[in-house]
Amino acid sequence: MWCSRTALGRLQNIAPCTVTGFHRAMSTLPKVYVTRKVPPDGLDILRKSGQVQFEMWDSDDPVPRVELLKKVKGCDGILCVLTEKIDAQLLDAAGPNLKVLSTMSVGFDHLSLDELKKRGIRVGYTPEVLTDAVAELTVALLLATSRRLIEATHEAKTGGWGTWRTLWLCGHELANSTVGILGLGRIGVAIAERLKPFKVKKFIYTDVEPRPELAKMIEAEYVSLDELAKESDFLAICCALTPETHGICNWNLFSKMKKNAIFINTSRGGVVNQEDLYEALSTGVIAGAGLDVTTPEPLPTHHPLYTLKNCVILPHVASASYTTRNSMSALAANNLLAGLRGEPMPKELKL
């Protein structure tokens, strides 16, 4: 249903003779399609704004591609999530009215940026609001992997818990360790800030270039990718997925890492060569891996990585807190409305 609660509320206070005028006014409002049932804060902003009429795919599951291509036709704006591929086909289906795309995500690898730029379509996204949630989850995943918590829980549930044994389920400590960060941005800094109380000895990082201001906040040292692999006891992947970072975590990287190293990825699955990671884990080249992102998503249940005790896999839940998801939804809605008004967005992706 195309919605504008504010406009409907106004209708209750006007005379019947103005109904035709009301419908005429409604028809001139910008038309928006919301591709998923997003958290309520964002929907409330759209409804109460009185500035748009919108239709939403009212489900927790992705909108079918055929339905999506049909529903975006003639839209002025689209609010999407990371499961929707926004490419030339979709933009052609939407047509020339489309002026603004707002994605409820910090990543934008699902967007064809060249096509959006070529067509003059503005793009909003949702960085920063999910920094704390992602950093917290990264630390939780790191600890669960390094201290073998999932494996230990399974042993307790299935009768493996017997007499106390000296080296049974031993893991690796953060104290006096070197933590490496691949891609030092806000999330990388937030992870380091949370890990520092664990008595980490040293933070090192690699990026496309040194990030002295951010590095100063956590007293991190800039190193080459090879040095990052060789020195890190724990390696956290925080980089965006770009053509340059696609598959950057491969055998060349894993083969240089310490045998006791723990590899953690909460960025995007595409930065990891999963076949190489399986080989490194199954042959003891590295000690363990924790993944919140994979390729594809969801990762098929028969994937070899699931067979490994030293690999913890989560279903892409790094930003899954009520506070963060509502904040992302609200920011996506405000980006969309500002873009449709021709005003600066709170968070616009510069193309």
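Helices in this report are DSSP runs of H or I with at least four residues, numbered from the N terminus. The structure is a predicted model.

**Overall picture**

The chain has 351 residues, and 48% of them count as buried. It contains 14 helices and 13 strands. Along its principal axes, the C-alpha trace spans about 85 × 50 × 35 Å. Among contacts in the chain with a separation of 6 or more, 63% are between residues 24 or more positions apart.

The pLDDT of the chain averages 93, and 92% of the residues score at least 70. Over residues 1-24 the pLDDT is below 50, and this stretch has 27 contacts in the model beyond near neighbours in sequence. Where pLDDT is low, the predicted coordinates should not be read in detail.

**Annotated spans**

Two domain annotations come from an unreviewed UniProt entry. The record gives "D-isomer specific 2-hydroxyacid dehydrogenase catalytic" for residues 32-348. In the model, this span is 35% helix and 15% strand, and its end C-alpha atoms lie 18 Å apart. The record also lists "D-isomer specific 2-hydroxyacid dehydrogenase NAD-binding" for residues 139-318. Residues 139-318 are 30% helix and 16% strand, with end C-alpha atoms 10 Å apart.

Strand β1 covers residues 31-34 and runs parallel to β2, to which four bridges join it. Within this pair, V32 stands opposite F54, and Y33 has E55 as its bridge partner.

Strand β7 (residues 202-206) is largely enclosed by the rest of the structure, because four of its five residues are buried. It pairs with β6 (residues 178-182) in the parallel sense over five bridges. F203 of β7 is the bridge partner of V179. The path from β6 to β7 goes through helix α9 (residues 186-195), and this β-α-β crossover is right-handed.

Strand β7 also pairs with β8 (residues 220-222), again in the parallel sense, over three bridges. Here Y205 has Y222 in β8 as its bridge partner. Helix α10 (residues 212-218) carries the chain from β7 to β8 in another right-handed β-α-β crossover.

| Residue | Helix | Relative accessible area |
|---|---|---|
| A144 | α7 (residues 131-146) | 12% |
| E151 | α8 (residues 149-157) | 14% |
| S329 | α14 (residues 322-340) | 1% |

Why does E151 count as buried? Its relative accessible area is 14%, and buried means under 20%. Leaving aside neighbours within four places in sequence, E151 is in contact with L169 and K309. E151 and K309 are 158 residues apart in sequence, while their C-alpha atoms are 6.5 Å apart in space. The side chain of E151 also makes a polar contact of 3.0 Å with that of R148.

A144 is buried as well, with a relative accessible area of 12%. Apart from neighbours within four places in sequence, A144 is in contact with L149 and I150. From A144 to V223 the separation is 79 residues in sequence and 27 Å in space, C-alpha to C-alpha.

S329 counts as buried at 1% relative accessibility. Not counting residues up to four places away in sequence, S329 touches V38, P39, D41, G42, L43 and M104.

Conventions
Residues numbered from 1 in each chain as written. Predicted model: local features only at pLDDT ≥ 70, side-chain atom pairs only at ≥ 80, totals over all residues. Heavy atoms only, no water. Pairing = 2+ DSSP bridges. UniProt positions renumbered as here; feature names shortened; annotations may be inferred. Buried < 20%, exposed > 50% of the residue type's maximum accessible area, 1.4 Å probe, protein only. Contact = heavy atoms within 4.5 Å. Polar contact = N/O pair within 3.5 Å; in protein donor to acceptor, adjacent residues only side chain to side chain. pLDDT = per-residue confidence, 0-100. Right-handed = clockwise from strand over helix to strand, strands pointing away.
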